[in-house]
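Student: I've got a protein model to look at, and I'd like to work through a few bits of it with you. Can we start with a helix?

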Amino acid sequence: MPLVTRVTDLIGRTPLFELATTATGTRLLLKLEQFNPTGAAKIRMARAMIDDAERRGLLGDGGHIIESTSGNTGLGLAVVAAERGYRFTAVVDHHACKDKLRAMRAMGAELVFVADDGDDNLATSAREDLAEAMAAGQSDAYFTEQHNNDANAVGYYAVAEELLEDVERVDILLSAVGTGGSLFGTATRLRQLGCTPRVIGVEPVGSIAFGGPGGPYWQSGTGTPPGATIGTAVDYSLLDEGVKVSDVAAFATARAVAAELGLMIGGSAGGSVHAALTRLEEFPPGSTVVTIVCDGGEKYLDTVFDDEWMRERDLLDAATERDVRAMLDRYAPVRHAQLVEAR
């Protein structure tokens, strides 16, 4: 890797990990976005949104960036703001994991909470309303509004380019949908490059983007909770199928992948991996299935990977974890053979 002078120069070229392979040659590949700075995919779109704002003259020298965030977008914006001399205010709630909040503060962000201590409900709509109002009241402020910012999806075009440098084609692109930028931005660019995958979006049970009743959920940074508006980055014209995964299944999968392979993935990525594993045999033989792992699991040691936190919320399910580990064993590529040979 070349010598760089800015943290954002380290964005991209994240690795592909072969998680599972069927007897018919279908492969499940994980695009491990936790290898970006901040440990998440969203720094890609944070940089793209600020690049776009600068090009359009929406941010002046020393300007003030404001965004509603559950954490990862805020982390990316904190990096960009620090590099370019902007102020950054993150409007947050206590549903966000504590390590994301601590990291934003460490990088100079101001945090404004929309709920009192002890209220850990997801408050997406309240956050966005406050962020918009704050920006409207300051002449030097810019509300990046990630859910309705066209640059969000554009920030993920490089993911498609990187994928096609590493594999011949992507047959199925299956990933979590929060703002929609990572899934639909990647799908858009793949199409522009002549690759038209089947696009499957994954959201938590309780999210409303794909219909059905709304309700509470614990998967962080993904889905559209009741009362929130589905953003323009969710491009239904590209969506072939939307599926829902429960918190129990998503978190059990993240925990099983960690215990079985030593690979830490976030809770929403666990939902995508669960959706892919449980239907891997349904895909045409020889398919290349790609899931974008939007962040790693290290930020969730106090939640998804904490037995007490999980038990208090009735999310701990040893049987589901065993089922996922059995699927990982059944579909294991050549890892085990390589270990035997190495010995």
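Predicted model: local features only at pLDDT ≥ 70, side-chain atom pairs only at ≥ 80, totals over all residues.

Student: How far does helix H7 reach from its first C-alpha to its last?
Tutor: Helix H7 covers residues 181-192, which makes 12 residues. At 1.5 Å a residue, the expected span is 16 Å. The model comes out close to that, with a reach of 16 Å.

Student: Is Leu263 buried or exposed?
Tutor: Leu263 sits in the loop between helix H8 (247-261) and helix H9 (267-278). Beyond its neighbours within four places in sequence, Leu263 is in contact with Phe17, Leu30, Leu32, Gln34, Val257 and Ala258. Buried means under 20% relative accessible area. Leu263 has 12% relative accessibility, so it counts as buried.

Student: And Leu10, what is its relative accessible area?
Tutor: Leu10 is in the segment before strand E1 (16-21). With Met1 and Val7, Leu10 forms a nonpolar patch on the surface, and together they have about 330 Å² of accessible area. Leu10 itself is partly exposed, because its relative accessible area is 33%.

Terms used:
Residues numbered from 1 in each chain as written. Heavy atoms only, no water. Helix = DSSP H or I, 4+ residues; strand = E, 2+ residues; numbered from the N terminus. Expected span 1.5 Å × (residues − 1). Patch = residues over 30% accessible without salt bridge, like charges linked within 9 Å, V, L, I, M, F, W, Y side chains within 5 Å. Areas by Shrake-Rupley, 256 points an atom, 1.4 Å probe, with all protein chains shown as cover. Salt bridge = Lys/Arg side-chain N within 4 Å of Asp/Glu carboxyl O. Buried < 20%, exposed > 50% of the residue type's maximum accessible area, 1.4 Å probe, protein only. Contact = heavy atoms within 4.5 Å.
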